[in-house]
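Please keep the model in view while reading.

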Amino acid sequence: MKNKGKGGKNRRRGKNDKEEGAKRELVFKVEGQEYAQVIKLLGNGRLDASCFDGISRLAHIRGSMRKKVWINQGDIILLSLREFQDDVADVIQKYSPEEARLLKQYGELPENFNLEEGENLDNESENDDGVEFEIDDI
């Protein structure tokens with residue numbers, strides 16, 4: 001019998017893949033698209049996103065991005081809006097933190113938006129849990 005696999009464990013691990021720091025062309029939004037920040041990951045390729053037009057939308061990660069591009073809470077993404085459902089959109093691009101800074105410099109993202117806001121969402125809950133102890137109490 002002939003092996004019909006697509007490679008060994010190195011392929012599954014992503015070894016010898018393209019460079020992570022590879023430069024790519026910055027994609028700007030066009031009509032029918034909107035920038036957003038990920039609020040919450042819901043599972044099954046879905047997430048809650050807060051769009052910069054003021055609307056919170058349910059977003060689906062498109063098939064070509066699944067298991068290739070990992071989206072985390074606080075990331076800046078580009079959504080393709082649906083004509084027939086205003087509260088649902090599709091994720092078509094994830095921006096790196098450096099690309100998000102460039103978008104803000106070009107005036108694509110609002111000035112009052114804080115890029116570091118999303119990156120520290122997980123750390124804030126770990127550092128301050130609201131419980132304080134005195135050494136004398138123990």
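Is F28 buried, partly exposed or exposed? F28 is partly exposed, with a relative accessible area of 35%; buried means under 20% relative accessible area, exposed over 50%, and partly exposed in between (1.4 Å probe, protein chains only). The model is predicted: local features need pLDDT of at least 70, side-chain atom pairs count only at pLDDT 80 or more, and totals for chains, interfaces and linings use all residues. Residues are numbered from 1 along each chain as its sequence is written, and side-chain values use heavy atoms, with hydrogens and water left out.

F28 is found in the loop between α1 (9-13) and β1 (33-43); helices (H or I, at least four residues) and strands (E, at least two) are DSSP runs, numbered from the N terminus. Together with L102 and Y106, F28 forms a nonpolar patch on the surface, with about 280 Å² of accessible area. Accessible areas come from the Shrake-Rupley method with a 1.4 Å probe, and for residues only the protein chains shown count as cover.

Helix α2 comprises residues 97-105, and within this helix E99, A100 and L103 are buried. These residues cover an arc of only 100 degrees around the axis, which puts them on the same side of α2; the arc is that of the directions from the helix axis to the C-beta atoms. The buried residues of α2 pack against β1, β4 and β5, where contact means heavy atoms within 4.5 Å. After α2 comes G107, whose phi is positive, near 85 degrees.

D75, in the loop between β3 (56-61) and β4 (76-81), counts as buried because its relative accessibility is 17%. Leaving aside neighbours within four places in sequence, D75 is in contact with A36, Q37, V38, W70 and K94. E83, in the loop between β4 and β5 (88-95), is exposed, with a relative accessible area of 84%. The C-alpha atoms of E83 and G32 are separated by 8.0 Å, although these residues are 51 residues apart along the chain.

For the protein chain overall, the secondary structure comes to 4 helices and 5 strands, in the order α-β-β-β-β-β-α-α-α. Of its 138 residues, 25% count as buried.

Methods: Patches are made of residues with over 30% relative accessible area and no salt bridge: like charges are joined within 9 Å, nonpolar side chains (Val, Leu, Ile, Met, Phe, Trp, Tyr) within 5 Å. A salt bridge is a side-chain nitrogen of Lys or Arg within 4 Å of a carboxyl oxygen of Asp or Glu.
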